[in-house]
Structure formats: C-alpha cells, structure tokens
Amino acid sequence: MQEIEQVVAFLKREALSLTTAESCTCGLMASLLGDIPGCGQVLDSGFVVYSPKAKNRLLRVEFETIEQFGLTSEEVAREMAIGALNASGATLAVAITGVADDDQEDEGGTQCYAYALMQGERQVVVSETVQFDGDRVAIRKQAARHGLAQLAQKYALLLEKLSAIDAP
C-alpha cells in the first residue's frame with residue numbers, strides 16, 4: 001500500500017488532479033487510490049468503460065479506432081485518456097484497456113496504457129503496452145498497480161512533450 005500512498009503524495013506535490021479510464025481493471029485503480037486517506041484531494045473521477053459502446057458514449061472513443069486497432073490497443077487507450085480528460089475536471093489521466101483471460105483474438109495479460117496531460121487548452125498523451133502473467137485476478141491487480149506506479153515517470157514524459165511543442 002505504501003506504493004499507492006507515494007502516488008497520492010506525488011499528485012498532491014505536483015498539484016495534479018487525476019481521472020482514470022478503466023476497462024479490464026473495472027475501477028481497480030480508482031479503488032486503490034480510494035484506500036489512501038487524502039485521495040479526495042487528487043482523485044477527480046474514475047470511468048469504468050468495459051463495452052465498446054460505453055467507451056464511445058462516455059469517452060468519445062471512435063468505433064473506427066476500435067475496428068481498426070482492436071479494443072486492446074494503445075490507440076484505443078489514447079482516445080480513452082483524452083476522453084477522460086475532456087469529460088472530467090482533471091489535469092492528468094491514466095487509461096487502461098486489455099485482456100485478462102486468453103481468448104481467440106488476444107493473448108491474456110496484454111494491457112495497453114495511455115497517460116494524458118492537460119495544461120490550458122493543450123493536451124499531450126503517451127502510451128505503452130505491458131504483458132503480465134497469472135490468472136485473471138492476478139493480471140488485473142498487477143495491471144492496476146502498474147498503471148498508478150508509472151504516473152510520476154509518465155508525467156515527466158508528458159512535460160517533455162509539452163516543452164517540445166513550445167520550443168521554437
């Protein structure tokens with residue numbers, strides 16, 4: 001739990017508000033934050049968007065993106081993160097979409113993340129794909145913890161992207 005406490009402390013220190021956009025983790029990231037006293041100062045909202053229709057309706061993920069790249073893709077995660085920022089009052093978003101069970105199309109454990117930052121009217125996003133091992137529950141827990149544990153590092157990358165945009 002100390003790792004999650006450090007995430008809350010980081011968000012407070014940087015004066016960031018967070019929104020989560022979760023598919024396969026079904027709100028587990030927001031729930032982990034909710035276990036920490038003071039999380040209400042940094043957690044703006046959490047979206048659980050399991051179905052393609054929910055991703056489109058709540059976060060404006062394009063059906064064409066889902067069709068072209070699949071539900072478990074960085075492209076979908078990126079649209080989820082930007083959509084969560086736009087639908088919330090948060091300044092930072094983490095989104096995850098993935099597979100916890102093996103099925104015919106996707107290998108179990110594949111998780112796609114996106115992290116998005118809003119400063120004024122500017123938005124930047126970074127993404128990654130990570131593979132986890134274990135059963136459904138173990139994969140979901142690992143995936144949620146990883147998404148939160150990466151916030152400080154991804155925030156630094158997002159700030160670099162903003163600086164690059166601003167550079168003459």
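## Exercises on a predicted model

Arg60 is exposed, with a relative accessible area of 59%. Keep this residue in mind as you work through the tasks on this predicted model.

**Exercise 1.** Find where Arg60 sits and describe its backbone.

*Solution.* Start with the place: Arg60 belongs to the loop between α3 (52-59) and α4 (63-69). Next, look at phi, which is positive at about 65°, although Arg60 is not a glycine. Finally, check the exposure: the relative accessible area of 59% counts as exposed because the cut-off is over 50%.

**Exercise 2.** Work out the strand order of the open sheet and name its edge strands.

*Solution.* Trace the five strands across the sheet: the order is β2-β1-β3-β4-β5, and the pairing is mixed. Now look for strands that pair on one side only; these edge strands are β2 (43-48) and β5 (122-131). From one strand to the next, the twist averages 15°.

**Exercise 3.** Describe how β3 and β4 pair, and find the helix lying across them.

*Solution.* Begin with the strands: β3 (residues 92-98) and β4 (residues 110-119) are antiparallel and share seven bridges. Then turn to helix α6 (residues 136-149), which lies across β1 (18-22), β3, β4 and β5. Its direction makes an angle of about 25° with β4.

Methods
Residues are numbered from 1 along each chain as its sequence is written. This is a predicted model: local features need pLDDT of at least 70, side-chain atom pairs count only at pLDDT 80 or more; totals for chains, interfaces and linings use all residues. Side-chain values use heavy atoms; hydrogens and water are left out. Two strands pair if DSSP finds at least two bridges between them. Helices (H or I, at least four residues) and strands (E, at least two) are DSSP runs, numbered from the N terminus. Axes are lines fitted to C-alpha atoms, for helices over the stretch in contact, and angles run from 0 to 180 degrees between N-to-C directions. Contact means heavy atoms within 4.5 Å. Buried means under 20% relative accessible area, exposed over 50%, partly exposed in between (1.4 Å probe, protein chains only).
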